[in-house]
Amino acid sequence: MSARLKLTLSYAGFLMLAGVLLLTAVWMFLLRYVPNRAMLINPDDRTHGVFPIRSALLGVFAPRAAAVLAFLLVFGLLGGWILAGRMLAPLTRITEATRTATSGSLSHRIRLPGRKDEFRELADAFDTMLARLEAHVAEQQRFAANASHELRTPLAVSKSLIDLARTDPHHDSGQIIERLHAVNTRAIDLTEALLLLTRANQRSFTREPVDLSLVAEEAAETLLPLAEKQGVTIETCGDIAPTIGSQALLLQLITNLVQNAIVHNLAKDGTVWVTTEVRPETVVVTVENTGEILAPQLVSTLTEPFQRGTKRIHADHAGVGLGLAIVKTIVLAHDGTLTLAPRQAGGLRIAVELPAAPSVLPRR
């Protein structure tokens, strides 16, 4: 049976039960006290008739009660069918929206009118889910298109170099090999970055206690030769900042931030500041760098895949355009927040806020 039919039968059944209980109450508390044998003259009655006895009243009452119950049954079925239809109308709209979404169209919204009840909350939640799915699908399609474009470039360059070596055997093979090596290295870096993004998106990692201050120091020490080569100074300071997450992914996060701060810096005498901070329920790692003045509209797009805010001052360390996109994905996988803001003096300030480890949370 359909839900509407079940509700209709339930309404009718409850209405019949209420009628039976009412008639039973009339019998138990009224008719049972009428005598069944007394034949009393009513002196106030002009016709000098007798009071009706119980059997006579019952004979009159029973057909009327059956008629009332029959009316309640018909009224309950019709009224229940109409009421059930009106109550289930929002579910019909939600079902139609679900079928539309199943067919591949995610732009449809229910937008259920009326007061805020359970059906309205369900419809609003479904609309929110559709909006997120539509945005996620659009982002995945854009990411796939960008990734295909980025991967096609090194493959096309490799094909051109191979064709050049094949058609011109007298060309300098050492130079071709060096260029092929650089192109393949870039393609490998891009592929590894895409795999890292997928791993972080799926949250397929083991959570363990991690001290962000130690991770920041390790990232700074790893990138110190690059910083010295580019004439950039790295300064690290802050508190012990324990959190729960993946040691490898958090190291990749801070390494990407510091590397990005080194590459996008002043041509000389640049500085990168890495600080950690403990707040009541969170820990924060902040990476700031000197550089050119950035517009807030540009900063808001830097976490998109393959987006580059400025040209690299140190172009000899090329990236794949996924550094901050990987950072954003890792932060979301650790239930944190990522904040980017331009510095007034030039450069960028990036703050990553993650949940603190339970051992450092204040007792309540």
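Buried means under 20% relative accessible area, exposed means over 50%, and partly exposed lies in between (1.4 Å probe, protein chains only). This is a predicted model, where local features need pLDDT of at least 70, side-chain atom pairs count only at pLDDT 80 or more, and totals for chains, interfaces and linings use all residues. Residues are numbered from 1 along each chain as its sequence is written, and side-chain values use heavy atoms, without hydrogens and water.

**Exercise 1.** Find out why α8 is described as largely enclosed by the rest of the structure.

*Solution.* Start with the term: helices (H or I, at least four residues) and strands (E, at least two) are DSSP runs, numbered from the N terminus. Next, look at burial: 8 of the 11 residues of α8 are buried, so this helix is largely enclosed by the rest of the structure. Among those buried residues are Leu324, Ile326 and Val331. Finally, step past the helix to Asp335, which follows α8 and has a positive phi, near 60°.

**Exercise 2.** Work out where His108 sits and which residues it touches.

*Solution.* First, locate His108 in the loop between α2 (54–102) and α3 (118–167). Then check its surface: His108 is partly exposed because its relative accessible area is 34%. Last, list its contacts (heavy atoms within 4.5 Å). Leaving aside neighbours within four places in sequence, His108 meets Ala97, Thr100 and Leu130.

**Exercise 3.** Determine how far His108 is from Glu96 in sequence and in space.

*Solution.* Along the chain, the two residues are 12 residues apart. In space, the C-alpha to C-alpha distance between His108 and Glu96 is 9.9 Å.
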